[in-house]
Amino acid sequence: AHSVEANFLYMQQAPDFRAAFVSPRTRNTITPNLTTEKVLSFDAAYSFKAPWLQLRASVYYTTIKDQSKLISFYDDVWAAFSNMSLSGIDSRYYGLELGFKIPIVADLSLSGAASIGDYTYTSNPYFTQTRDNTATTLVENARVYWKGMKVESTPQTAINVGLNLRAPKNWYASIDFNFYDRLYLSMNPMYRTQYLAQEIMKIYDFQNLESGRQKQYVVDIIDGIRAQEELGNAYTLSASIGKNWNIKYRYTLGFSLQVNNILNCRTIRTGGYEQMRLNKISDPIIFPNDKGELIILKKPTTYSRFDSKYFYMNGLNY
């Protein structure tokens, strides 16, 4: 009735073609600092099986080092289409997973699963940015400040609880409650670079600001651009019903109907990304002086975050 298992993995794998070449359609340039990815992983699990309960619980820990990434985009600071090559991306994943099934009465059972983890970037990768059609280097071997940010595009908390019915004559039905939380938007590395922060500091003449209030105002602008966006939690209900027929003990004919998002919620964001663009603000900037009074800054151009793109779950569907 009891079993325990453990697994250990270490491997290296070549970087993906899309991350290895800066702009393969225009030139044969390799991503700077390119190397193999290193994966170290461990998990341990406990299982229990009895007529009144089936249970499995596991813990895991994984690190991935020296990942590479290439992003091509129009840079509003340089006013040019460019390639951003990132290397030395490290991340860490650990968490707990739990699954169970409990018979209730007759052919009705309660089942559930939960995954609670923490997925975090553990390094500040290097990046080199080049102008796409000329290979001119715009920024070389600078840092992206990702350390401590959460890995994007997957919920770090996910829970499912369901009722399952296996009736006579091959009928089956189920209804499920699903919940997820701590899902983060895919990040724009440009927002977290030192050189963008320096561009904003130049606009405000940061080094010559006399009051702490004015300097904090500029720091808040930079922190606002760098802040990571969390999409919040959401829950859905789904249900299914079906039946199988055995034909001459050789063939099986099946019918099933599944209904998702029964509550017809159309505002659930399942993912998205920060656009690589920057808003260039040309309106006069209201700025506090050392007395806390609001004044109009003479230099009228600065940058802010571009609107993010979001993906939404379908409403009621079957």
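These legends describe close-up views of aromatic rings in a predicted model. Local features need pLDDT of at least 70 and side-chain atom pairs count only at pLDDT 80 or more, while totals for chains, interfaces and linings use all residues. Residues are numbered from 1 along each chain as its sequence is written, and side-chain values use heavy atoms, with hydrogens and water left out.

**View 1. The ring pair of Phe 48 and Trp 52.** Rings of Phe, Tyr and Trp (its six-membered ring) pair if their centres lie within 6.5 Å, with planes under 30 degrees apart counted as stacked, over 60 as edge-to-face and the rest as tilted; by this rule there are nine aromatic pairs. The centres of Phe 48 and Trp 52 are 5.6 Å apart and their planes stand at 55°, so this pair is tilted. Phe 48 is buried at 13% relative accessible area, whereas Trp 52 is exposed at 55% (buried means under 20%, exposed over 50%, partly exposed in between, with a 1.4 Å probe and protein chains only).

**View 2. The ring pair of Phe 127 and Tyr 195.** With centres 6.4 Å apart and planes at 35°, this pair is also tilted. Phe 127 belongs to strand S6 (residues 126-131) and Tyr 195 to helix H2 (residues 194-203), so the pair ties together parts 68 residues apart in sequence; helices (H or I, at least four residues) and strands (E, at least two) are DSSP runs numbered from the N terminus. Phe 127 is buried at 1% relative accessibility, and Tyr 195 is buried at 10%. Ring pairs join Trp 78 with Phe 127 and Tyr 195 in a cluster.
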